[in-house]
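Reader: I want to learn how to read backbone and packing features from a model. Can we go through them one at a time?

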Amino acid sequence: MTGLSIFSAKFCNHNDIVRNLAESNEVSLITDDHVVRKASELSGIPESKIKRAFSSKTSVFNTFTHEKECSIAYLRMAVSLMIGDNDFIISGYTGLLIPRRIQHILRVCLVSSIEDRIKNGAEHLTLSSEDIQQAIEREDTNISEWTNLLFYQTDPWNPELYDMVLPMASTEPDKASAIIQENLLKDALRPTAESKSAVSDFQLASKVEVELARKGHNVAVVSEQGRIELSIHQQVLMLSRLEDELISIVKSIQGVDSISVQVNPEPRRPAVYRRFNFDMPSKLLLVDDEREFIQTLSERLQMRDMGSVVAYDGKSALELVHNDEPEVMIIDLKMPGIDGMQVLEEVKKIRPQIEVIVLTGHGSEQDRLDCMEMGAFDYMQKPVDINQLSSLLKKAHEKINSAKQSSPLKGN
């Protein structure tokens, strides 16, 4: 046996089958946790952040930061290095990162009806059927988003994604293991010079993808014997400049012989291509009940390559802080309900690393002193000069980056 990838719906006896096959074939088992750990080592990104790539929930800031896409690039590199020349079983989400051109890998999917999976889950967990069903639905949503990200395919059980789909409602784990084992011995899965070369191509493509991601680009990469094809699935402004930039990054990578760039806009990705600029703040949360003002401010900041999202009240802002990771906040002092002072106090209590700029048209000198004492980065009066505010945001961003660099938990 050379390679086996097993992807499974929740509660389909996946662990029993993987364990049976790993023991009977005496091969290394690669799980998602193993790949995440390797990706974290390669990138310096905490494992907890990389694991978010498997979740259907995407950060509200991801449009500007591409953090999920960057994590996937490092996961792909980790997989390419871990499959190497050894026999293996790779289990979970990350097996779907392996290109189809590597033909000596059997790709198996385990599926069953929700009713059967609820019954199976109830046999292993002391949870109600309702709780088990909710867990299944959450996992199915994550899986659907994962295959959509990789293949533009929202049906994760589509037989076209696999070599074999096993219906587990009518198949016992031992029987499923035997069927898989039988297919692993077929001549079609014997490694060939072409399929081994495809592994090397996968490793080079993942290396190129990571290097581009490190420079702020999100580009699909295909490699074939040193020939690199870069594909952009969004509309592009100033294509020649982008081509020159991409080629200048990739051409210095060892093993690259030639580079081509193609633009193939994907209908489900209507936005214009945007390179992420690590030197600019792109996780800004703007909070103000004056909707027209804050929307205009957001647009003006985005024109300066600063990504921001908007909340119109203190309660919504705090929910975003709890559920996501803004780095800099601009808050109005006077708002109905939870006012800016209360937001500042709560933010500094739960996420003290967030830099908060208070922007108000109604504050007093005492308000300014109180805000600064509570940990505000700065306090400004409306109307604000956009250039002055942009400069202040860059300083806050630099302070945050400096703290990250000096922290032993770099990347948090």
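**Reading helix, core and backbone**

Author: Start with a helix and its cover. This is a predicted model. The buried residues of helix 10 are covered by elements that include helix 9 (193-214), strand 7 and strand 8 (258-263).

Reader: Which residues of helix 10 are buried?

Author: They are Leu242, Leu246, Ile249 and Val250. Now look down the axis of helix 10: these buried residues fall within an arc of 90°, so they line one face of the helix. Arg241 and Asp244 are exposed on the other side of helix 10.

Reader: How many residues does helix 10 have, and what span should they give?

Author: Helix 10 has twelve residues, 239-250.

Reader: Next, the cores. What is the general idea?

Author: In soluble globular proteins, nonpolar side chains tend to be buried together. Here the largest nonpolar core has 38 residues. Those with the most contacts inside this core are Leu75, Val79, Ile83, Ile98, Ile102 and Trp146.

Reader: Which elements give two or more residues to this core?

Author: They are helix 2 (32-43), helix 5 (67-83), strand 3 (88-91), strand 4 (105-111), helix 7 (129-151) and helix 9. Helix 5 gives the largest share, nine residues. There is also a second, separate core of 23 residues, which includes Val287, Val309, Ala317 and Val321.

Reader: What is Ile98 in contact with, leaving aside its neighbours within four places in sequence?

Author: Its contacts are Val79, Ile83, Phe88, Ile90, Ile105, Arg107 and Phe202.

Reader: Now the backbone. Which residues other than glycine have a positive phi?

Author: Take two cases. Asn13 has a phi of about 60°. Asn13 sits in the loop between strand 1 (3-8) and helix 1 (14-25). Gln225 has a phi near 50°. The loop that holds Gln225 runs between strand 6 (220-224) and strand 7 (227-232).

Reader: Is Asn13 buried or exposed?

Author: Read its relative accessibility against the cut-off: buried means under 20%. Asn13 is at 18%, so Asn13 counts as buried. Apply the other cut-off to Gln225: exposed means over 50%. Gln225 has a relative accessible area of 54%, so Gln225 is exposed.

Reader: Where is the cis peptide bond to Pro383?

Author: Read omega. The bond from Lys382 to Pro383 is cis, with omega near -10°. Pro383 lies in the loop between strand 13 (378-381) and helix 15 (386-406).

How values were computed:
Residues are numbered from 1 along each chain as its sequence is written. This is a predicted model: local features need pLDDT of at least 70, side-chain atom pairs count only at pLDDT 80 or more; totals for chains, interfaces and linings use all residues. Side-chain values use heavy atoms; hydrogens and water are left out. Helices (H or I, at least four residues) and strands (E, at least two) are DSSP runs, numbered from the N terminus. Buried means under 20% relative accessible area, exposed over 50%, partly exposed in between (1.4 Å probe, protein chains only). The expected span of a helix is 1.5 Å times one less than its number of residues. The arc is that of the directions from the helix axis to the C-beta atoms. Contact means heavy atoms within 4.5 Å. A nonpolar core is a set of buried Ala, Val, Leu, Ile, Met, Phe, Trp, Tyr and Cys residues joined through side-chain atoms within 4.5 Å.
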